[in-house]
Structures are given as structure tokens and as C-alpha cells.
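Please look over the sequence and the structure before reading on.

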Amino acid sequence: MSMDENAGLYHQKLCYNKEVGPYQCLSEPWWVRTSKHGTYPPRHACEIKPLVCGEAVFGSIQDDLVKAQHSVDIITWGFDPGMALVRNSRPDDGIRYGDLLKQIATRKDNPVTVRLLLWHDNAASYALQKNNPGLYGCRIPTIGGYAGYFGETHDQYNREWFDEVLAGKVPNIVLHTREVALGLVLPALAGENYKTGAKGKVGAIYPTHHQKMILIDYETPDRAVGYVMGHNSTTDFWDTVGHRFQCSRRETLYKKNPANAVSQADTAWDEAADLYDRQVQAFSGLPERPSQRRAQRIAEFVKKYAFTAKPYQDVSLRVRGPVLYDMNHNFCYGWAESEQATSTLFNALWMTPPGLVVKAALAVAKAIDKTPEKAPALVQSRQHLKAADFILRDGQHSAQLMRTYPAYKEKSIKECYANLTRLAQKYIFIQNQYIQYEDWAEHLMKCAEKLRDAGFTKPIYVFILTSTPETDGMDLATYDVAIQLGNSETMKVEHEEAAAKARRGKAKMPITASELERRGIRALMASMWTGSPQPKSANDYEETYIHAKVAIVDDAAFTVGSANLNVRSMALDSELNLLSQAKDVAFELRRKLFKQCTNDEGPAQFADMKETFNQWLTLMQDNTKAMANREPLIGQIATFHVDRQPGSPVI
């Protein structure tokens, strides 16, 4: 599927009313249209509030959960019941997410039904993703690009919480899991441009349900509220907009399993030494003193292996209004396709080779049985509610829910990015975990070329914010975008190889920034960093892990959600984004993110980005030099840079 496959659907005709005058109007066609597969319609009279970073997002979620009166429906890729949503000075200084859900589900007045829908694949979840720490009693490192183990208290809480819920001991909390059928992989990837090595082929057979959303009190439209999220519901994602260096409010993790802090041999040695001490004390007539050996060993372990979780950058949206109708549809049918999570014991049986065979056979039988079913029970219970019931009298915003959904061959998020790029005339700002979709970079070039052909002389300014790819298998896909954006030199090894091929006459030299500008684009690639106020070594700086999935165009339209700019999110994984042409929200979000990155909000709404773009380039270079010279950072951006041998490509 080309990124311009649906371009013809946006053509407009100019018309006017002869009776009342020559009133003529054309508007930018921001709303996504697709020819082959359906998408949700735009909804009006909504309210959209962007929330940047975990402190704001999780604080808002906790407030809304406490006020819930009827239901809470949650879809998430990763869930950590032990995380505290609102924190004081420490990561555990607040109510845990799991306790909050238990409280609202079991309270005497207005107990709430909580439905929790997780992606969980028996093989991939354990071996590759580790996205639900504590589920089925497993002790695993936390999720994230730079993971570690939870402390003992947090880990034990998670395992006990999941065991309680799976055993049905917590009234009104129901946990379902779902997988993406492997048979959907090849159809989903048909027509996509991607590279895979040996590891890539293995990774590609594990598509995930990557959506993140929350829907609260849908049954009462005047109270209903929802979240379309980039954030996973795990402690890794809690951070402040300042991304303070080694902030004590972020989780303390461990490079080694704390359960092994004191080995059996050390325990035996300490017990023998303690016994000897007591005998000496008794023989000498001295009072018995408690042993400090175990505590000292644990303190040494903490000093050696404990570290503060990396800073995380992410964005989510709080929404109200008719778009909740479509969010409910997404949840209800996802819930109907899922299954209730099994107990720890039963899941252990499934994980045995005979169990996996039986489970596979049941899945095949279910797939063969295509007997039409009536609407799922949850759908039936809510079918009396219509989108119009959620209209807000003071709702000023319009929104369209976007999905990637392989089961329905839906790729509306891909079309969303295609159309946003098609309509850009001033700037595109993208902050995304993965900038690895080569088709988008090619599409951007074609869009700029069409503008030039039409006589448009000003450049489009492209701001790209992304992290160092978390594995070397993602490097080549990132470079495929960087080289087209005139940023080849940011990836040293790949750039040198490309230049060497060009000198041998086997390829063209990578496009330069000046050549790209002649084609109508000025592009930069940056990463986010934080550092100590008084740095003394390289260890006093830390890269902020960008997990956000944000695109803003011309202060006029934006999309936020779960979708990365890569093949997985455009085609293979289930994803959920919101698109809006609410100009006030687009401008507000741009101002917040620019201020966070550079201490400057940027120009007035719809103004030219030339000066701001140049300021970004200067600040990126200055901060890169500052880190080399052990100087404080100004703002949070530095030049994107990767210097390592790329690995075998993964999807």
C-alpha cells in the first residue's frame, strides 16, 4: 500500500450559493479517508487535553478513577499494579495502581467494574517483551529499553496482586488477555517495504496488541471520560517534564535480581559466624547483640547494583465527547476477542509442550468455526448509547480515532501520517520512539516536490526527536530515514560505508542538508538529554528515553497515541491514535513540547519557523559540545548520534 494510495479521495470542488452571494470556502481535508477498509468518522463537540509526561498523565488518571461511579475499561500493552500513580518524594510514596483499582472495585458505595485487557503472548511476552511484571508469578526484568529488576517489595506486591485477581478474589476486577493471530502477519506486511535478518524474521512472527486507552463511566455520558495514550501503565513511564538527572521520584531498579542479593553460601557462612559471635558473647558475659552481616551484604548489593530508572518522555490525551463512542467500540470488540486470564497453575500447564499443542488446536478450531454470533454481551449492554449522547455543550474540538488493526486490515494511522505530511506547508514536528519508516521519508520528499512544482518557495521545516535505537538491529531502518532527511552523518558507521560506496562509484553520495533545502525541506534530528547541574564526568549525563508518538503540523493539526513511525505500528501491531484539527490544542501542545526541549515556546501560532529551526540547530550543537566538555546543559536537546556497527535488521 503506497502512502499516496488514497490521495485522490481528498479532492474538493469549490462551490457557492447563488441565492445569498458568492460565498466560497475550501478547508484543509485533515480527516482521514481510506478506500479499501473502514475507519472511524470524525466526531465533533469534543474536549481534548494533552498531557506531557507521567506525572501529569497518571495524576489525572488517578483523579478520574477516584471519581468513577460505574465502570473502568483499560487496554494496555504493559501493566504494573505496583506502581504509584501520584508520588511525593519517593516512587513508593503514594497509592499503588493495583490498590486504587481494588479500592474503587470493592468500596461499599458505587463499586466500579474494572475490565483490564492486556496483550500477553505466552512465548513472546516472557522471552522477548516482559511487559507484565509479576503476571503468573514470574520474576523478570521490567520493560523498557534499559530494563532492570524491581525491588523485592514491588515484585512481591505484583505477583500477589495478579494471583488474587486471577483467582477471582477481588470482586469486580476482571483481567483478560489477547494475542494477535500469527496468520495475520503475512497479510499485514503485504505491500510493506522492510528489511529483516535472521533475528528480524523471528521478531516479525510476534505481532502485539500495542494499544493504550482508558474509558471511565461510559454508561453515564455526562460523566464519561477517556484517555488515548502513549504511556504504558508501568512505573518505567513515570517522570516529570523536567526529566531531572537521577530523580529520586523515579523507580529504583537493579542490574541483578535482588532475590539473589545474599546467596545460599553467604547465608550459611553468616549463620555460622553469628553462632560463633553469640557463643563468644555468652562465654564473656557480654549482652547479645543482633548480627548486622545480612544487612551489610544487602547494603553492599544495593550500592553496587541499584540505579535510578531512566528518564522517560511520553504524551497522552484526556478526551471527552462523542469520540468516546468509538473508543467504546474499540474496547468492546477487543474484549470480545480476548479470553479471561488463567490462573498461575493453569498457565504453567499451557506453557508445557503438550499444553501449547492443545492450545494451538483449540485456536485453530475456533478460527474454523465461523458461525455468526450476535453482538457480544458488553456491546449489547451499551448499544442504547449513541455518539450524540456524548456531545458537550461547550465542546470546541473535533477528533477522529485512528487504528492499525491487522484483523480488519485497517491501516488508518498510516493514512493519517500520509495525509498530515501531504498537507504540511510550514513545519512537521515528530517526537517518536522509532523513526524507522522509510516509506514516510520518501513520501515527504514527493510532497515537497509537488509543492515546489506548484510554485511554493518556502521550505518545510522538519523537527525529528527520537532516541538512540534500543538495539543495533533497529539501526539500519533508522538510517534509511536519516539518509533521506539529509542527516546521514548522524549515524557514523552507516554514513562512512555509504560514502565509501559512493567513492567507488557503486552508489550516490548521501544527500546533504543544503541539497535537501534546494528540494524544499530543512530537517534536523535530535535526541533528549538530562544532566547533573554540575557535571564532572560522562556519567553525569543521561539520555532521556523518548517513548512519545506525536506529530504536529503547522500549528493546525496533530496526532497522538500508541503508534510508532515504523513498519510494526503502521501495519503489524494493533495501535490506537487520535487525530484532531483543533488548532488551539495543536498550538498548545507545540508550545509545551518546544518549551520543554529548548526553554523557548517558539514563534506565534502559524508564524514562520526559520528562526526557531536555526535556534534548535545551534542549541543541539551547543549541548553536544557541553557534554564533551563536562558543562551544564541548556534545555534538553542534543544532536542525534549513533556510532556502532549496525546489527541484523529486526521488525
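## An annotated segment

In this predicted model, residues 542-569 are 11% helix and 50% strand. An unreviewed UniProt entry lists residues 542-569 as "domain: PLD phosphodiesterase".

Leu317 belongs to strand E10, which covers residues 315-320. Its relative accessible area is 0%. Because buried means under 20% relative accessible area, Leu317 counts as buried.

Which residues is Leu317 in contact with, leaving aside its neighbours within four places in sequence? They are Ile48, Lys49, Pro50, Gly226, Tyr227, Val228, Phe558, Val560 and Leu578.

## Two residues with positive phi

Cys53 is not a glycine, yet it has a positive phi of about 75°. Cys53 is located in the loop between strand E1 (43-52) and helix H1 (54-67). With a relative accessibility of 1%, Cys53 is buried.

His243, which is not a glycine, has a positive phi of about 45°. The loop that holds His243 runs between strand E6 (225-229) and strand E7 (252-254). Is His243 buried or exposed? His243 is buried, its relative accessible area being 0%.

Technical notes. Residues numbered from 1 in each chain as written. Predicted model: local features only at pLDDT ≥ 70, side-chain atom pairs only at ≥ 80, totals over all residues. Heavy atoms only, no water. UniProt positions renumbered as here; feature names shortened; annotations may be inferred. Helix = DSSP H or I, 4+ residues; strand = E, 2+ residues; numbered from the N terminus. Buried < 20%, exposed > 50% of the residue type's maximum accessible area, 1.4 Å probe, protein only. Contact = heavy atoms within 4.5 Å.
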